[in-house]
Amino acid sequence: MATMTSNTKKPLHARVNATLSILFFMLGTSWLLAPFVHHAHYSHLHFISNYEGLGQHWGWAFRVGDIASALILGFLIYRYRVWRKDRLMSLLLCLVAALAAVDAIFPVTCQAGITHICNE
């Protein structure tokens, strides 16, 4: 069985790191698509995070995206060995990942009106 040399491992690791980083940013910002999915964005006082609320169309998809991005961030922290380079930065990044997951697990509850948009 042939083993990978260090020359072939580096491009593979670079591609995996780039793919995971792009996936992290895409999943973490999936909620930005919410107004387009709902075909409306009402007034300047309407919060985009309300689209993630319980009972909202596609709200579950945005919450799953947040949880997946938090898991990918945790994996990237491990993969890049951030804790060996800077413990404080590692702690803060882990806190961001944990809070992003908690935010997605406990979404905003609101009263959906006729337009299926949360009313503040």
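Tutor: We may, bearing in mind that the model is predicted.

Student: What span is expected of helix H5 at 1.5 Å a residue, and what does the helix reach?

Tutor: Helix H5 covers residues 87-105, 19 residues in total. From its first C-alpha to its last it reaches 27 Å, close to the 27 Å expected.

Student: How do you know that the buried residues of H5 line one face of the helix?

Tutor: The buried residues are Ser90, Ala97, Ala101 and Ala104. Seen down the axis of H5, they fall within an arc of 65 degrees, so they line one face. On the other side of the helix, Leu88, Leu91 and Leu99 are exposed.

Student: Against which elements do the buried residues of H5 pack?

Tutor: They pack against helix H3 (59-79) and helix H4 (82-85).

Student: What is found at the start of H5?

Tutor: A side-chain oxygen of Asp86 comes to within 3.3 Å of the backbone nitrogen of Leu88. The cut-off for a polar contact is 3.5 Å.

Student: Why is Val96 called partly exposed?

Tutor: Val96, a residue of helix H5, has a relative accessible area of 47%.

Student: What makes Arg63 buried or exposed?

Tutor: Arg63, which is found in helix H3, has a relative accessible area of 15%. Buried means under 20%, so Arg63 is buried. Other buried residues of H3 include Phe62, Ile72, Leu73 and Leu76.

Student: Which residues are in contact with Arg63, leaving aside its neighbours within four places in sequence?

Tutor: Arg63 is in contact with Glu52, Gly53, Leu54, Ala104 and Pro107. One of these, Ala104, is also among the buried residues of H5.

Student: Why is the aromatic pair of Tyr78 and Trp83 called stacked?

Tutor: A search of the whole structure finds three aromatic pairs. In the pair of Tyr78 and Trp83, the centres are 5.7 Å apart and the angle between the planes is 15 degrees. Centres within 6.5 Å make a pair, and planes under 30 degrees apart count as stacked; the pair is therefore stacked.

Student: What are the exposure classes of Tyr78 and Trp83?

Tutor: Tyr78 has a relative accessible area of 56% and is exposed, because exposed means over 50%. Trp83, at 27%, is partly exposed.

Student: What pattern does the protein chain follow along the sequence?

Tutor: The pattern is α-α-α-α-α-β-β, with five helices and two strands. Buried residues make up 28% of the 120 residues. The accessible surface comes to about 8700 Å², and 71% of it belongs to carbon and sulfur atoms. Among contacts between residues at least 6 apart in sequence, 61% join residues at least 24 apart.

Conventions:
Residues are numbered from 1 along each chain as its sequence is written. This is a predicted model: local features need pLDDT of at least 70, side-chain atom pairs count only at pLDDT 80 or more; totals for chains, interfaces and linings use all residues. Side-chain values use heavy atoms; hydrogens and water are left out. Helices (H or I, at least four residues) and strands (E, at least two) are DSSP runs, numbered from the N terminus. The expected span of a helix is 1.5 Å times one less than its number of residues. Buried means under 20% relative accessible area, exposed over 50%, partly exposed in between (1.4 Å probe, protein chains only). The arc is that of the directions from the helix axis to the C-beta atoms. Contact means heavy atoms within 4.5 Å. A polar contact is a pair of N or O atoms within 3.5 Å; within protein, one must be able to donate a hydrogen and the other to accept it, and residues adjacent in sequence count only if both atoms are side-chain atoms. Accessible areas come from the Shrake-Rupley method with a 1.4 Å probe; for residues, only the protein chains shown count as cover. Rings of Phe, Tyr and Trp (its six-membered ring) pair if their centres lie within 6.5 Å; planes under 30 degrees apart count as stacked, over 60 as edge-to-face and the rest as tilted.
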